[in-house]
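Here is a short note to read alongside the model. Please keep the 3D view open and find each residue as you come to it.

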Amino acid sequence: MHEELVDHLTRSTPLSRGEALRVVQDVLAYFDETTQDYVRRRHRELQTQGLQNTEIFERIEADLKYRAVAPPELTLRQLRRMVYG
């Protein structure tokens with residue numbers, strides 16, 4: 001899987017083939033996260049930092065625009081529903 005990318009990383013970095021493969025797999029797993037899972041995870045992370053929901057949802061709304069594959073634009077209400085159902 002993604003052999004060309006692994007080859008490129010081993011040529012252009014000090015990573016071994018096994019390390020490069022793990023990096024590629026980690027990055028792919030990160031970007032495989034669904035929008036709903038991302039919203040829930042970020043909500044929990046920001047909540048543990050002591051932020052209030054108003055600021056949390058505004059930050060998540062802004063962050064979603066910069067995901068590798070941008071999801072459809074979501075309203076604050078849609079974000080809240082992903083967390084609270």
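Does Arg17 count as buried, partly exposed or exposed? At 40% relative accessibility, Arg17 counts as partly exposed. Here buried means under 20% relative accessible area, exposed means over 50%, and partly exposed lies in between (1.4 Å probe, protein chains only).

1. **What you are looking at.** This is a predicted model, in which local features need pLDDT of at least 70, side-chain atom pairs count only at pLDDT 80 or more, and totals for chains, interfaces and linings use all residues. Residues are numbered from 1 along each chain as its sequence is written, and side-chain values use heavy atoms, with hydrogens and water left out.

2. **Arg17 and its partner.** Arg17 forms a salt bridge with Asp7, and their closest N and O atoms are 2.7 Å apart. A salt bridge here is a side-chain nitrogen of Lys or Arg within 4 Å of a carboxyl oxygen of Asp or Glu. Because Arg17 belongs to helix 2 (residues 17–32) and Asp7 to helix 1 (residues 3–12), the pair ties together parts that are 10 residues apart in sequence. Asp7 is partly exposed too, with a relative accessible area of 28%. Helices are DSSP runs (H or I, at least four residues), numbered from the N terminus.

3. The structure holds 8 salt bridges. In one of them, Arg41 pairs with Glu33, with 2.9 Å between the closest N and O atoms; Arg41 is partly exposed at 21% relative accessibility. In another, Arg42 pairs with Asp63 at 3.8 Å between the closest N and O atoms. Arg42 sits in helix 3 (residues 35–48) and Asp63 in helix 4, so this pair links parts 21 residues apart in sequence. Arg42 counts as buried at 16% relative accessibility, while Asp63 is partly exposed at 25%. Through shared partners, salt bridges join Glu33, Arg41, Arg42, Glu45, Asp63 and Arg67 into one network.

4. **Where two helices cross.** The axes of helix 4 (residues 53–64) and helix 5 (residues 76–84) come within 10 Å and cross at roughly 105°. Axes are lines fitted to C-alpha atoms over the stretch in contact, and angles run from 0 to 180 degrees between N-to-C directions. The two helices are therefore roughly perpendicular, a term for angles of 65 to 115 degrees.

5. **Who meets whom.** Asn53, Phe57, Glu58, Ile60, Glu61 and Leu64 in helix 4 meet Leu76, Leu79, Arg80, Val83 and Tyr84 in helix 5, where contact means heavy atoms within 4.5 Å.

Methods. Angles under 35 degrees count as roughly parallel, over 145 as roughly antiparallel, 65 to 115 as roughly perpendicular and the rest as oblique.
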